[in-house]
Amino acid sequence: MQADEGFPLWCAACEWGLPQAEADRGESTVTAARGRIDLARIGAYTLATVVHTLPLGLLASATVLATAGRGVVAYGLAAVLAVLAVTLMPRPVRLDRDAEILTRDDAPHLYALFDEVTAELGAGPVHVIAITPEFNASSMALGLRRRRAVQLGLPLWRVLTPDQKVALIGHELAHGVNGDCRHGLYVGSALDVLTGLHRTLDPDELPGHEDGLMYMSRLVLTPLLWLCRGAVFLLHRGLDRTTLRSGRRAEHHADELAARVASSEAVAGLLEAMTVLEPTVAFTVRTSPVTRSPLPLWDRVDQAVAVLPDGERDRRLRLAARENTQVDDTHPPTRLRTSHVRALAAIEPRVRLSPETADRIDAELAAISTRIERNLTEAAEAALYHRPEGGTHPRKAGSDGGFEGHWPPG
Ligand SMILES: [Zn+2]
């Protein structure tokens with residue numbers, strides 16, 4: 001295993017050592033012209049309506065077949081349609097499987113900070129704060145009561161400055177007020193249904209590789225599943241495409257709202273920290289089993305971040321700009337977001353996190369910190385000895401976070 005991060009050679013003057021810049025995709029941060037009919041929005045709501053009415057149509061057909069039809073075939077078909085209808089029903093969003101909930105009693109200072117930010121944004125209160133072991137953060141509306149929840153990834157939270165922490169909370173809470181239909185009840189739940197269905201209909205997940213009867217049913221079911229999966233994929237692609245532009249505009253708007261709360265520089269600093277520090281934090285976690293150091297993992301992370309050379313920070317920023325890096329598929333390229341918030345020139349933060357309160361919040365997170373540190377170290381050890389079953393936090397479904405698979409990426 002590599003013993004140090006091994007920063008590549010490059011030249012800051014002529015940018016030798018950086019890859020070719022990606023072609024400009026013509027994206028901008030310009031907001032939509034008012035008063036014009038938004039065809040994409042109409043398309044998105046039409047597709048979402050198809051997704052939401054399909055279960056009712058299937059259930060009606062199943063009922064007709066079961067009552068009017070005769071014979072085993074009719075009853076069997078009715079059962080299949082009923083199962084499909086249930087599969088297509090929207091499900092309440094849940095927290096990530098490895099998220100740990102903090103109650104108001106557990107973390108009064110963290111909740112008070114969230115309350116301050118929600119008051120500034122004019123957003124509803126946050127009901128659930130959960131801590132995850134990822135270099136990421138996300139927000140969602142939970143269950144039928146649409147209770148607002150924010151997931152904070154501890155490895156990210158730990159390396160942010162106090163003003164960047166306020167910016168992160170501001171961006172996540174702004175998702176509740178930025179008018180993004182992809183996070184809304186109607187289009188958002190249609191997207192969730194299709195994402196879950198695409199995963200469920202994977203023929204590779206079918207049991208029975210060698211077994212006689214199971215093998216035969218697998219042969220029959222596989223082409224059917226591919227057909228259904230293709231239809232689901234096309235619907236998902238359609239919804240994704242029709243909401244992409246409005247979703248990205250909403251992300252810029254969330255950055256604007258966060259900048260008003262925490263300042264432009266804090267939001268830009270947050271975006272740069274997410275770009276620059278993730279490889280260093282991931283490397284420190286991944287190599288923790290072979291590092292001969294008496295220091296706890298989080299202290300080693302702090303140390304690695306503190307000694308990261310300015311030249312390497314600069315290289316990572318320029319590399320991300322050239323590659324149009326995004327925090328995930330749903331967000332615009334980070335370079336566009338950074339320049340957009342800097343152009344706002346919001347200087348005075350409306351919410352400040354004092355060093356004393358930051359320390360109190362750290363104390364509230366201490367127990368979870370220890371557990372996540374242990375889990376990440378165990379997972380790194382398991383990955384080292386090629387024991388994937390040893391991972392303690394497999395990647396969950398439905399997160400709008402930035403990584404596919406385990407964090408840290410291998
Ligand atoms: Zn966002």
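The zinc ion has four protein donors: His171 (NE2), His175 (NE2), Glu251 (OE) and His331 (NE2), lying 2.1 to 2.2 Å from the metal. Donors here are N, O and S atoms within 2.8 Å of the metal (3.2 Å for Na, K and Ca), and water is not among the atoms, so sites may look incomplete. This is a predicted model, where local features need pLDDT of at least 70, side-chain atom pairs count only at pLDDT 80 or more, and totals for chains, interfaces and linings use all residues. Residues are numbered from 1 along each chain as its sequence is written, and side-chain values use heavy atoms, with hydrogens and water left out.

**Zinc site**

The 4 donor atoms subtend angles of 83 to 145 degrees at the zinc ion, which makes the arrangement irregular. Four donors count as tetrahedral if all angles lie between 85 and 135 degrees; four count as square planar and six as octahedral if opposite donors are over 155 degrees apart and all others between 65 and 115; anything else is irregular. Ideal angles for four tetrahedral donors are 109.5 degrees.

The donor spacing in sequence is H-x3-H-x75-E-x79-H. Helices (H or I, at least four residues) and strands (E, at least two) are DSSP runs, numbered from the N terminus. His171 is buried because its relative accessibility is 4%. Glu251 is buried too, at 0%. Buried means under 20% relative accessible area, exposed over 50%, and partly exposed in between (1.4 Å probe, protein chains only).

**Overall fold**

The protein has 13 helices and 4 strands. Of its 410 residues, 42% are buried. Among contacts between residues at least 6 apart in sequence, 72% join residues at least 24 apart. Contact means heavy atoms within 4.5 Å.

**Helix packing**

Two helix pairs are tabulated. Axes are lines fitted to C-alpha atoms, for helices over the stretch in contact, and angles run from 0 to 180 degrees between N-to-C directions.

| Helix pair | Angle | Axis separation |
|---|---|---|
| α8 (residues 264-286) and α9 (residues 297-306) | about 140 degrees | 9 Å |
| α3 (residues 108-121) and α12 (residues 355-364) | about 125 degrees | 7 Å |

The angle between α3 and α12 makes them oblique to each other. Angles under 35 degrees count as roughly parallel, over 145 as roughly antiparallel, 65 to 115 as roughly perpendicular and the rest as oblique. In α3, Pro108, His109, Leu110 and Leu113 meet Thr357, Arg360, Ile361 and Glu364 of α12.

Helices α8 and α9 pack at about 140 degrees. That makes α8 oblique to α9. Leu277, Thr280, Val281, Thr284 and Val285 of α8 make the contact with Leu297, Arg300, Val301, Ala304 and Val305 of α9.

**Around Leu239**

Leu239 belongs to helix α7. Its relative accessibility is 0%, so Leu239 counts as buried. Beyond neighbours within four places in sequence, Leu239 is in contact with Ala44, Leu47, Ala48, Val187, Ala190, Leu191 and Leu194. Leu239 and Val187 are 52 residues apart in sequence, yet 8.1 Å apart in space, C-alpha to C-alpha.

**Positive phi**

Most residues other than glycine have a negative phi. Arg146 has a positive phi of about 50 degrees, although not a glycine. Arg146 is in the loop between β3 (137-142) and β4 (147-153). With a relative accessible area of 31%, Arg146 is partly exposed. Ala345 also has a positive phi, near 50 degrees. Ala345 lies in the loop between α11 (334-344) and α12, and is partly exposed at 46%.
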